[in-house]
Amino acid sequence: MTLPPFQRLLEEHSPALHRFCVAQAGPHHGPDCFQEAVLAALRAYPTLTDASNLKGWLFTIAHRKVIDHHRRASRTTAVADASAVISASGGGGVALAPAPPEVAADHHVWAAVQRLPEAQRSAVALRYLADLAYAEIAVALGCSEAAARQRVRAGLTTLRQEVTP
């Protein structure tokens, strides 16, 4: 089995991978998740034994890095809540940068996406931000293709109920 050069793989998929990480982890932590995913993929690439779905393989790594980020963030919720209270009270908290233009334009939609259950949120983001096929979503999420379709469908159903035009 011959793998393409890692740089070519990255050039082909990094824009969608970056969009996915930013959409899942937010504009402040998404680039970090993207970087962690690329580094993990680079480390694992020489030992890869199956090159049949490299795009799905990359998104699986990115998905896991985003999950790791959310786990770390949930452990530090108290600190984040305290910072938000300080900021809201004018006590010199950290100011948040505005969302990227592509996210800010549809802020209400992406806010609703963020409220979806994790499995649905990931599936919707992989489908519409990363433009993955359902088979690739299944690989990234570690589920069947039918389950990937169901997660996207359920997420879209919830979004249609929450987001009014």
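Begin by selecting Phe6, Tyr45 and Trp57, which form one aromatic cluster. Rings of Phe, Tyr and Trp (its six-membered ring) pair if their centres lie within 6.5 Å; planes under 30 degrees apart count as stacked, over 60 as edge-to-face and the rest as tilted. The model is predicted: local features need pLDDT of at least 70 and side-chain atom pairs count only at pLDDT 80 or more, while totals for chains, interfaces and linings use all residues. Residues are numbered from 1 along each chain as its sequence is written, and side-chain values use heavy atoms, with hydrogens and water left out.

**The whole chain**

Display the protein chain as a cartoon: it has 8 helices and 0 strands. Helices (H or I, at least four residues) and strands (E, at least two) are DSSP runs, numbered from the N terminus. Buried residues make up 39% of the 165 residues; buried means under 20% relative accessible area, exposed over 50% and partly exposed in between (1.4 Å probe, protein chains only).

**The aromatic pairs**

By the ring-centre rule, the count comes to 3 aromatic pairs. Select Phe20 and Phe59, an edge-to-face pair at 5.9 Å centre to centre with 75 degrees between the planes. Phe20 lies in helix 1 (residues 6-44) and Phe59 in helix 2 (residues 54-75), so this pair ties together parts that are 39 residues apart in sequence. Both Phe20 and Phe59 are buried.

Return to Tyr45 and Trp57, whose pair is tilted, at 6.0 Å centre to centre and 45 degrees between the planes. Because Tyr45 lies in the loop between helix 1 and helix 2, and Trp57 in helix 2, the pair ties together parts that are 12 residues apart in sequence. Tyr45 and Trp57 are both buried.

**Helix 5**

Next select helix 5 (residues 107-115), whose buried residues are Trp110, Ala112 and Val113. Seen down the axis of helix 5, these fall within an arc of 155 degrees, so they line one face of the helix; the arc is that of the directions from the helix axis to the C-beta atoms. The face turned away from the buried side of helix 5 carries the exposed residues His107 and Arg115.

**Helices 6 and 8**

Finally, select helix 6 (residues 118-128) and helix 8 (residues 145-162), whose axes come within 8 Å and cross at roughly 95 degrees. Axes are lines fitted to C-alpha atoms, for helices over the stretch in contact, and angles run from 0 to 180 degrees between N-to-C directions. Contact (heavy atoms within 4.5 Å) involves residues including Ala119, Val124 and Tyr128 of helix 6 and Ala148, Val152 and Leu159 of helix 8.
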